[in-house]
Amino acid sequence: MDQKRRPESHKMPDAGEERDAFVRLDPSGPQIRHPPPPHELDAFITPDAKLFQTIHMGAAVVDETRYKLVIDGLVQRAISVTLDELRQLPQTTITAFHECYGSPLKPPIEACWRIGNVRWTGVRLSHLLRMAGLGESTQANFVWSEGLDRGTFAGIEADRYQKDMPLTKALQPEVLVAYKINDEPLSKERGGPVRLVVPGYFGTNSTKWLCRLSVQAERAPGPYTTTLYNEQDPHDPLGMRMRPVWNVEVNSIITTPKPGDVSRSQYITVQGWAWSDDGVGEVEVSIDNGQVWVAASVADRHEYSWQRFEVNLKAAPIGQCRILARATARSGAQQPLAGRRNHVHHVDVEVSDGS
């Protein structure tokens with residue numbers, strides 16, 4: 001971490017002044033850039049060009065000379081921080097996987113594998129909350145985050161993108177107010193100049209074009225917390241309980257071999273990435289469509305990164321071979337075989353006789 005000079009003072013913000021930095025949406029409306037197929041995500045750090053992009057209402061063009069980040073709510077003193085002041089604060093870099101939950105309009109039963117692993121640089125959210133005098137209030141339970149984007153998504157109109165997270169998560173050292181990705185300034189499409197980054201939570205919680213953080217007693221009232229990004233809790237046997245889309249579930253992808261590969265040896269090396277909010281404890285691989293599972297070696301997690309797995313297995317008989325990978329989190333949660341957004345990834349290859 002590089003220690004930088006702390007700004008000497010912060011003006012008390014006027015109501016709504018943080019939104020004056022918004023210029024326009026360009027482009028407006030929902031935008032999505034899908035990631036490449038899993039076998040192309042073979043590098044530990046995912047280049048920005050290979051990282052998925054999801055934009056709900058449009059990409060906000062921000063006047064950086066007017067940019068201010070407001071921190072208010074159940075704090076001792078509301079403050080606003082300019083972009084230059086933010087960059088002068090103590091800087092932290094975190095390596096973390098970044099995963100999209102998928103469409104909030106569909107049941108969470110389809111795997112989309114929108115995933116990457118990047119380096120975020122910025123200021124710890126906990127540091128900014130302390131600057132605003134976060135105290136010991138028993139009423140403070142959540143931190144709301146607001147972006148400068150506004151508009152319509154799925155027929156739902158909102159004057160801002162608003163999310164929340166438990167205060168206990170907000171105070172963790174990995175949560176950043178970020179202004180760089182992979183050591184480069186955030187682009188407009190990536191949420192620049194400033195976005196929230198919440199490692200271990202789905203990407204929907206990492207509010208882009210961040211302009212306001214507010215400590216509150218209750219959950220945020222916006223549609224992206226009350227209507228969208230809530231799901232039926234899969235652990236509820238009655239199927240009645242709902243839960244917010246926060247913590248990432250254990251998941252994995254196979255990067256080697258790629259679909260359609262032909263192996264001229266019966267021994268196949270299988271490699272890939274596995275990730276979870278709490279870290280991955282085990283990955284098993286099957287090369288007979290799930291009849292027999294063999295434990296792979298799994299690399300240690302670096303900060304909040306995804307983890308490499310690898311195993312060399314003998315395939316039999318010669319012909320078509322379906323390879324599956326199944327990860328288990330440290331908590332014991334395991335990827336399902338089918339029917340869930342984090343179900344196992346498979347790759348079909350052919351094993352030849354080598355002739």
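I take helices as DSSP runs of H or I with at least four residues and strands as runs of E with at least two. On that basis I looked up the secondary structure of this predicted model, and the protein comes to 4 helices and 27 strands.

**Overall form.** I checked the radius of gyration, which is 22 Å for the protein and agrees with the value near 20 Å that a compact globule of 355 residues would have. Along its principal axes the C-alpha trace spans about 75 × 45 × 40 Å. Buried residues make up 54% of the 355 residues, and of the contacts between residues at least 6 apart in sequence, 74% join residues at least 24 apart.

**Surface and charge.** The accessible surface I noted is about 15400 Å², with 49% of it belonging to carbon and sulfur atoms. For the charges, I found that the mean positions of the 40 positive and the 44 negative ones lie 2 Å apart.

**Cysteines.** I searched for disulfides with a cut-off of 2.5 Å between cysteine sulfur atoms, and the count comes to 0. Cysteine 112 is in no disulfide, because the nearest cysteine sulfur, that of cysteine 100, is 5.4 Å away and a pair has to lie within 2.5 Å.

**Glycine 203.** I located glycine 203 in the loop between β15 (195-197) and β16 (210-216), where it is buried with a relative accessible area of 13%. Leaving aside neighbours within four places in sequence, glycine 203 is in contact with His98, Glu99 and Arg195. Glutamine 53 is 150 residues from glycine 203 in sequence, yet their C-alpha atoms are 9.8 Å apart in space.

**Backbone exceptions.** I went through the backbone with the general rule in mind that most peptide bonds are trans and most residues other than glycine have a negative phi. The bond from glycine 192 to proline 193 is cis, with omega near 20°, and proline 193 sits in the loop between β14 (184-185) and β15. The bond from threonine 256 to proline 257 is also cis, with omega near 0°, and proline 257 lies in the loop between β19 (251-256) and β20 (262-263).

I then noted asparagine 182, which has a positive phi near 50°, is placed in the loop between β13 (176-181) and β14, and counts as buried at 19% relative accessibility, since the limit for buried is under 20%. Tyrosine 229 has a positive phi of about 60°; this residue is found in the loop between α4 (223-226) and β17 (230-232) and counts as buried at 5% relative accessibility.

Definitions and conventions. Residues are numbered from 1 along each chain as its sequence is written. This is a predicted model: local features need pLDDT of at least 70, side-chain atom pairs count only at pLDDT 80 or more; totals for chains, interfaces and linings use all residues. Side-chain values use heavy atoms; hydrogens and water are left out. The radius of gyration is taken over C-alpha atoms; the globule rule is 2.2 Å times the number of residues to the power 0.38. Buried means under 20% relative accessible area, exposed over 50%, partly exposed in between (1.4 Å probe, protein chains only). Contact means heavy atoms within 4.5 Å. Accessible areas come from the Shrake-Rupley method with a 1.4 Å probe; for residues, only the protein chains shown count as cover. Lys and Arg count as positive and Asp and Glu as negative; His and the chain ends are not counted. The place of a charge is taken as NZ of Lys, CZ of Arg, CG of Asp or CD of Glu.
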